[in-house]
Amino acid sequence: MPRADVVIIGAGLAGLSCAAELAERGARVYLVAKGMATTHWTHGGLDVAAPPGARTASDGIRLLAATHDHPFRILESDASAAVAAHLGRMASEGLEHAGSLDDPLGQMPTSIGSLRPAAIVPSAQAAALAPWDDDGLVLVGFRRYRDAWASYAARNLENARWPGGPSAIRAVEVELPDLARLYNISPQVLARLFEDSAWRSRALSAIADALPAGAWRIGLPAVLGRDAHAEVHADAERRLGCRVFEMASLPPSVPGIRLFEALRRRILSSAGRIQIGFDVVEVERSGARVTAIHTEAASRTLRIAADAFVLATGGLAGAGIRASHDGTLTERVFGLPVAAPPRGGWFSDDPLLPHPLEAAGIEVDATLAPAELENVRVVGSALAGMHYLDERCGDGVAVASAHRAAQSLLATRTVAA
Amino acid sequence: MTFHDAAAREFPPFSTDLCIKCNVCTTVCPVARVTDDFPGPKYVGPQAQRFRGPGVGLDAPDHSVDLCSGCGICTRACPAGVLIAETNNRARAAIVKERGSSLRNRLISDTDLIARFGVPLAPLANIGLNNGMARWMGEKLLGVHRRGPLTTFARRTFGSWWKRRGGATSLPATPDPSRTVVYFHGCAVNAFEPDLGRDAVEILERNGFTVIVPRQECCGLPFISNGLYEQARNKARRNLSSLAQFARAGYRIVGTSTSCTHALKAEYREMLDFSDGDATAVADATWDICELLLDLHDRGELDVGFAPMVEPLPYHPPCQLKSHGIGTPAMDLFSLVPGLRAVDSDHDCCGAAGTYGLKVERWQIAYDIGAPLFDKVRASGAARAACDSETCRWQI
């Protein structure tokens, strides 16, 4: 039977970050999850807070902290240290980022040709946020690669309101070497090929040949290597003679995989354990304390005892909270009460506006403990009170709550680190 | 458990409706990592599954599902609970049922048959296994790659050693399930690695257990991996009928290969449709040996008088072990040995996947999957490396 100081349940940004911080500080951590989480679907940057009206992420945090019941009400003071810790962790694994909480939220072009506000992005995406001056934008697509359509994105971006954007927008489609025989071209196949320097050299030549003359920046599908990403990106800029940025596309997202792998490595190199693929099926309690969890197994269960437990299972969308047909909302691991609007008030009339139900989650005190269980901390989108799609605060709440939970467990010596 | 979870446990392909097309499975697939020929677990699994079934054509839409090595990493990665590897294995079995199987696949799966001829002829057979010309002929005639991970036959099976030793084979007159265990040695210990079986018996006896080795055959996993379900069911049926009486009487069944023990725990039910009380009793009673020893340690009953071993030890947790959901008990046991510095390989798969790496058309894929692991083991400078499954050890 494994024993740990802290068991973290959930392998998304919040759970991984919390486990990494605790492990780095010497706690024995055991991270369990029923499967992979949303890291593999995200753009790899950090959406800290960008609610409507915010000029910077700091601004967004202040606006959200003033909102009734928003997690940033508790976490406002953690954000800066948490973001610094996250970026430090990424950098130590070779993933540099650009931007800060106080940089103006820029406009990041997406693969469908929309613009999303962003400030903290991986270095390989930073060229999209730098002032465009007189530069134009060339979006490059790859023939038969069906996850990113350059001409579609370019058409939409031409019609988008993009003040201070590129002087011109073009799209080119490039035939990459050796791909004609493939029916399905997945981003990880391309990422792997880009790490092969001989193939990369031919591919970059093909791209260079397709570029128009003039001052351009190049937007490429986000497939510039996986493990040797920084080297691949630098080589692309050198060979193409201009700034190159990656655009995240349909899942699986290579930048998201890089993020997941970096955090996973941090946990393992700090002697943490990770087991993904098995759900928590039983909880042992003693009064207001959880003493052990059981995860499902091929036969029997695996009992993991710990001093403290971090719930990082996500909200309704991440299946940390389940809704039944009669409108009951259940937190799946500990059965914690879920704060939510009444069944009749779940949805807005306009499907594209935020829905009250999105704010459903677990209510916690200033240490992120729920009232019912003193040695449990709740992090990430399991927390009540946010509309992260509209507020673009999911990553910010994830890292800030992970930081707060880790600090609280270390400080109160709930964990004997 | 939702209705869907319950239904999927009975029939894994039901779970494919839960697929949200996120492709996480493809990003963790070791086969997709090294070859473009395999479109990935999602395409051959949840995606293709809707084109399979009565009236659609069992093997539609393509045969690339046969490139799946069956490691099971996709199933564990899936955030939606789709039993991808299990679905793909059943799809392969449907193709085999419809079109038949190669002589090579039927032969390399039939480990008990191989042992029956190989062990008595061990001196001669081992020359062949170590001879480049013979292996070349094996590749040309049979399709077993000349560099495929094979070991040599033992001079004497574990079973015959046990018989000569006069070891117990049936329920004891005085039942003592807490201090008696049933040893499931499987085909590899029997024909290739009887020393491992003898070591296991010695360790169990040293920790106060009486060991019973009842009649048993290969667990059938090689047949399952090759889609030969009828042959696998025959193995499973005979093993269950031998082991169930012990399981029902409260005895634990312990194995020294995480592949065999996973077959007893999970695959008899998930792949071969054994859903009776015998299958459940055996599954609930089955333990991997490291799992059992760690359990003993938790109770303060493990003899921890280990001699120091001052050395680094690269350790590779096999895919099958990871499907047990028991963590990595070997790592915990290594930490009890003074001086031993065990390091988890942190590598997805060695590539062998049972018989997969033997096949002439799969050998390169299997090798490429394992290559970073082989490099790590080499770079560690360690005199030996550890792993819980025999074919992975041979491959490494």
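These legends go with close-up views of a predicted model.

**View 1. Where chain A meets chain B.** Here 28 residues of chain A are in contact with 27 residues of chain B. On the chain A side, four elements put in at least two residues each: α6 (187-194), α9 (254-269), β11 (273-276) and β13 (289-296). The largest share, three residues, comes from β11(A). Sort the chain A side by class and you get 16 nonpolar, nine polar and three charged residues.

**View 2. A four-stranded open sheet in chain A.** Follow the strands across and the order reads β8-β7-β9-β10 (chain A), with parallel pairing. At the edges sit β8 (169-174) and β10 (244-247) of chain A, each pairing on one side only. From one strand to the next, the twist averages 30°. Zoom in on β7 (residues 136-142) of chain A and you'll find six bridges tying this strand to β8(A), in the parallel sense. For a landmark, look for Leu139(A), which stands opposite Ala171(A) in β8(A).

**View 3. Helix α2 of chain A and its cover.** This helix spans residues 57-65, and its buried residues are Ala57(A), Ser58(A), Gly60(A), Ile61(A), Leu63(A) and Leu64(A). The spacing is worth a glance: an α-helix has 3.6 residues a turn, so residues three or four places apart point the same way. Among the elements covering the buried residues of α2(A) are α3 (72-75), α4 (79-92), α10 (388-391) and α11 (394-411) of chain A.

**View 4. Helix α6 of chain B among its neighbours.** Over to chain B, where α6 (residues 84-99) has 16 residues and reaches 22 Å from its first C-alpha to its last, close to the 22 Å expected. Just past the end of α6(B), Gly100(B) takes a positive phi of about 85°.

**View 5. Helices α16 and α17 of chain B, side by side.** α16(B) packs against α17 (residues 277-285) of chain B at an angle of about 150°, and their axes are 8 Å apart. Angles over 145 degrees count as roughly antiparallel, so that is how α16(B) lies relative to α17(B). From α16(B) come Leu264(B), Lys265(B), Tyr268(B) and Arg269(B), which meet Ala279(B), Val282(B) and Ala283(B) in α17(B). By class, this contact has five nonpolar, no polar and two charged residues.

View 6. Within β3(B), Arg252(B) is the bridge partner of Val181(B).

Methods:
Residues are numbered from 1 along each chain as its sequence is written. Chains are lettered from A and ligands numbered from 1 in the order in which they are written. This is a predicted model: local features need pLDDT of at least 70, side-chain atom pairs count only at pLDDT 80 or more; totals for chains, interfaces and linings use all residues. The expected span of a helix is 1.5 Å times one less than its number of residues. Two residues are in contact if their C-beta atoms, placed from the backbone, lie within 7 Å. Ala, Val, Leu, Ile, Met, Phe, Trp, Tyr, Cys and Pro count as nonpolar, Asp, Glu, Lys and Arg as charged, and the others, Gly among them, as polar. Two strands pair if DSSP finds at least two bridges between them. Axes are lines fitted to C-alpha atoms, for helices over the stretch in contact, and angles run from 0 to 180 degrees between N-to-C directions. Angles under 35 degrees count as roughly parallel, over 145 as roughly antiparallel, 65 to 115 as roughly perpendicular and the rest as oblique. A residue is buried if 20 or more other C-beta atoms lie within 10 Å of its own, exposed if 12 or fewer, and partly exposed in between; C-beta atoms are placed from the backbone.
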